[in-house]
Amino acid sequence: MIDNHNYFKNNYEESRETFRGLLSKVQEVWPEAKLYQHAIGENEDNTIDVIYAEATSSNDKVTLLTSGEHGIEGYAGAAVIHLFVDSYLESIDPSTTGICLVHAINPWGMRHFRRVTENNVDLNRNYFLEETDVPYDLNENYEKESRIFLPKKPVDVISKEKTELYEALSKGMMNEGYKGIKQAKGMGQFQFDRGVYFGGYEEEPSGSYIKTWQRHLLEQFQKVIHMDWHTALGPTNEVTMVISEKHGIKEDELKASYGMENIQVFSPEDVKGDSTNYFYELREAEYPSTSLFSALFEFGTFGTSREAELREFTTIILENQLYWEGTEHEESREWIQEELMNMFYPKEKEWKESVLEEACEAIESVLKKENILESSASHSSHE
Ligand SMILES: [Zn+2]
């Protein structure tokens, strides 16, 4: 069993400190590796941290691991990157393979245990090739049911809020309210800056910075392999690969060739502003000769039942309301904060163990297929 105590940190600064400390380990394999620290925002010491090295003789391929696009989800992502450095570096050939590790794409969100940025933006709905691509009037269902999604008053007694919301959502299952929020989750919305699933009026500083790395890697390497770590979606205690249909391979074929049970292919028609989809678009437009694999990897928490879905929306909506409107009820605050952790960073040992185990399987299945890991490579806990 992997000792998970080591990997899962309690706050942003501890996690960042640990990540920065990985540089010396990376330098044992890539002596030229460097740490880049990019400040985001002015009021706090929040940075995106990147450890990067080119291949030592020929830039054939690069492994890119990113974490914390959704702030609070970065704790699991950082754990995975740490485990990757501990367990797999010696199975990679640095002469032909570069490395790029990214800690906390949304550092403010990670520090404050929120999914969104300081501008209330869901970063993974904020990546567009051209500024004119932002779909400002995308989501009419959201607008119709905005009373559900937009906070207008402080959070009341939690049992009352929960009952009301569950009722509104489950009654709405067959009508526009529910369609609205399901659609908003995928498509984002670009009109209400205090609403849930807001994709932003303009490009976020975090997105701009990550785009420079995406471009740099596509330019420098023949092949880019990107694994972006997230939490919440999919079956409980399992990993799910989520990949844009722009990758060009169907779900069945992906399952067979990666040997992974949970794979979801999404269409850019249903999901706007996704960073991996942007990566494919950029490759197509400007670096057509570079080969790219870019996918999200999600560690499931609540599960996939309808009950789980309701619980998820309730948590997201109440957390947003609490942030903007506050509450006079301490119990309400505690319940919401705890439920948010249950959804994105559960404290259960079983979940943390499953993150590490499932991450190893995903890493091995992707990186062996790309011939980045030797076929014999495996995490020590499997021996
Ligand atoms: Zn996420």
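Which residue in S8 is the bridge partner of Lys223? I started my notebook with that one, and the partner turns out to be Ser291. I am working from a predicted model, so every entry below describes a prediction.

**Entry 1: the whole chain**

I began with an overview. I count 14 helices and 8 strands in the secondary structure of the chain. Along its principal axes, the C-alpha trace spans about 60 × 45 × 45 Å. I then looked up the radius of gyration, which is 20 Å; a compact globule of 383 residues would have one near 21 Å, so the chain agrees with that expectation. Buried residues make up 47% of the 383 residues. I also looked at contacts with a separation of 6 or more, and 79% of them join residues 24 or more positions apart.

**Entry 2: two domains**

Next I checked the domain assignment. It gives domain 1 as 4–119 + 204–301 + 346–382 and domain 2 as 135–200 + 305–344. Taken over C-alpha atoms, the centres of the two domains are separated by 28 Å. Domain 1 puts 15 residues into the contact, and domain 2 puts in 12 residues.

**Entry 3: the sheet**

In what order do the strands of the open sheet run? I read it as S1-S2-S4-S3-S5-S8-S6-S7, 8 strands with mixed pairing. Strand S1 (34–39) and strand S7 (263–266) are the edges, each pairing on one side only. From one strand to the next, the twist averages 20°. Helix H3 (residues 74–88) packs on this sheet and touches strand S3 (61–67), strand S4 (97–103), S5 and strand S8 (291–300). The direction of H3 makes about 145° with that of S3.

A reminder to myself before the pairings: strands of a sheet pair through backbone hydrogen bonds, either parallel or antiparallel.

I walked through several pairs:

- S2 (residues 47–53) pairs with S4 in the antiparallel sense over 5 bridges, and Tyr52 has Cys100 in S4 as its bridge partner.
- S3 and S4 are parallel, with 6 bridges; here Lys61 has Thr97 in S4 as its bridge partner.
- S5 and S8 are parallel over 10 bridges, and the Lys223 and Ser291 pair from my opening question involves S8.
- S6 and S8 run antiparallel, joined by 5 bridges; Val239 has Phe299 in S8 as its bridge partner.
- S6 (residues 239–244) and S7 run parallel and are joined by 4 bridges, with Ile243 standing opposite Val265 in S7.

I looked at S4 residue by residue.

**Entry 4: the nonpolar core**

Which residues touch the most other members of the largest nonpolar core? I found Ala79, Val80, Cys100 and Ala359, out of 96 residues in that core. H3 gives the most to this core, with 10 residues. Domain 1 and domain 2 each supply at least three residues to it. In general, nonpolar side chains tend to be buried together in soluble globular proteins.

Leaving aside neighbours within four places in sequence, Val80 is in contact with Trp229, Val355 and Ala359.

Most residues other than glycine have a negative phi. I therefore wrote down two that go the other way.

Tyr197 is not a glycine, yet has a positive phi of about 60°. I found Tyr197 in the loop between helix H8 (176–187) and helix H9 (205–220). Is Tyr197 buried or exposed? Tyr197 is buried, because 26 other C-beta atoms lie within 10 Å.

Ala232 is the other, with a positive phi of about 105°. This residue is found in strand S5 (residues 223–232). Ala232 counts as buried as well, because it has 23 C-beta neighbours inside 10 Å.

Conventions:
Residues numbered from 1 in each chain as written. Predicted model: local features only at pLDDT ≥ 70, side-chain atom pairs only at ≥ 80, totals over all residues. Helix = DSSP H or I, 4+ residues; strand = E, 2+ residues; numbered from the N terminus. Rg over C-alpha atoms; globule rule 2.2 N^0.38 Å. Buried ≥ 20, exposed ≤ 12 C-beta atoms within 10 Å, placed from the backbone. Contact = placed C-beta atoms within 7 Å. Pairing = 2+ DSSP bridges. Axes fitted to C-alpha atoms, helices over the stretch in contact; angles between N-to-C directions. Core = buried A, V, L, I, M, F, W, Y, C linked by C-beta atoms within 7 Å. Domains from an automatic or database assignment.
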